[in-house]
Amino acid sequence: MSTSRRTLLGAALAGAAGAAAGLPAATTAHAASWQQKWAPTASGDGLGAFETVEDDRADSHPGGQPHIYATGNNWRFNMHMADRDTSTDRQRQEVTGLRTSGSSYLRWTEGQTWRVTYSMYIPSSLKATTSFTHIMQMKQPGTGTSPIVVQSLRRVNGAQTIELKLFDSDTLVGRTSLDPLHDRWTDVDFQIKVGNGSAGSVRWILKSGGATVVDASKTGVDTFLADRVRPKWGIYRSLGDTSGSLQDTYLLLTNLRGYQLV
């Protein structure tokens, strides 16, 4: 291939990768691509895959511990009606961050673009609620910080849905019915450009049975508070549900992968 054709091809690939993440097309011959930075296994890494583990941090239900553990190729998050967080009007069993060794983890900082893919199993006992039920969050580390992005199970006009929102602005990125996703594996592809003010973007893809059930994105949004962004997975839910949907339940995750656009 001639030098000029290689240059044009590289620019085209860079533009395509940028568009997928809500980025402007590249203006150089560098072809931006997703580089894998994190690929833990439940059987090999266990809870060492994560930066921190928040398993009954209020010690509210010792008889149910551990609530978070590896089983086979999956990470399991158990939630019992007896469980309480340090704020007793809610429940939390979550893990945070992407650990790469015993002493290091990935840092998502302003201007960077990151992607996580994984599969989740949502049993029919894990229902959408009228108050918040988050199963993934993007947050600034530290106590008292608000979420940046939340993937939630929410009742909308009585119907069970799964949605992605920008938390502070209450901006809906996408939403689809939860019922067809119960008791089966769903593939998640989440992408975020970490940007302050209007410099950020997100994309959210869900696939079930090989079919895409939602592919939604938002650009020109705020995805940065301070310091860095850190993912969280698990079950974090309010006890204020009025639909009678709360019960003992669990969540399974597998095939977690992390990529950076470089």
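V116 stands opposite F190 in β13. The model is predicted, so local features need pLDDT of at least 70 and side-chain atom pairs count only at pLDDT 80 or more, while totals for chains, interfaces and linings use all residues. Residues are numbered from 1 along each chain as its sequence is written, and side-chain values use heavy atoms, with hydrogens and water left out.

β8 and β13 pair in the antiparallel sense over nine bridges. Pairing requires at least two DSSP bridges between two strands. On β17 (residues 249-261), β8 has an antiparallel partner joined by seven bridges. There, S119 stands opposite T254.

## Burial around β8

β8 spans residues 113-121, and nine of its nine residues are buried. Buried means under 20% relative accessible area, exposed over 50%, and partly exposed in between (1.4 Å probe, protein chains only). In a regular strand the side chains alternate between the two faces of the sheet. Both faces of β8 are covered. One side carries T113, R115, T117, S119 and Y121; the other carries W114, V116, Y118 and M120.

T186 lies in β13 (residues 185-193). T186 counts as buried because its relative accessibility is 1%. Leaving aside residues up to four places away in sequence, T186 touches Y118, S119, M120, L181, L206, K207 and S208. Contact means heavy atoms within 4.5 Å.

## The seven-stranded sheet

An open sheet runs in the order β2-β5-β16-β9-β10-β11-β12, with antiparallel pairing. β2 (52-55) and β12 (171-177) stand at the edges with a single partner strand each, so one side of each lacks a neighbour in the sheet. The twist averages 20 degrees from one strand to the next. Six bridges join β11 to β12. T161 has S177 of β12 as its bridge partner.

## The largest pocket

The largest pocket is lined by 27 residues. R92, Q137, K139, T145 and Y236 lie nearest its centre. The lining divides into seven nonpolar, nine polar and 11 charged residues. Here Ala, Val, Leu, Ile, Met, Phe, Trp, Tyr, Cys and Pro count as nonpolar, Asp, Glu, Lys and Arg as charged, and the others, Gly among them, as polar. β5, β9, β10, β11 and β16 each supply at least two lining residues.

## Whole protein

The protein has two helices and 17 strands. These are DSSP runs, numbered from the N terminus: helices are H or I of at least four residues, strands E of at least two. Of the 262 residues, 50% count as buried.

Key
1 Å grid on protein atoms, 1.4 Å probe; cavity = no way out; pocket = protein on both sides within 12 Å on 5 of 7 lines; lining within 4 Å. Axes fitted to C-alpha atoms, helices over the stretch in contact; angles between N-to-C directions.
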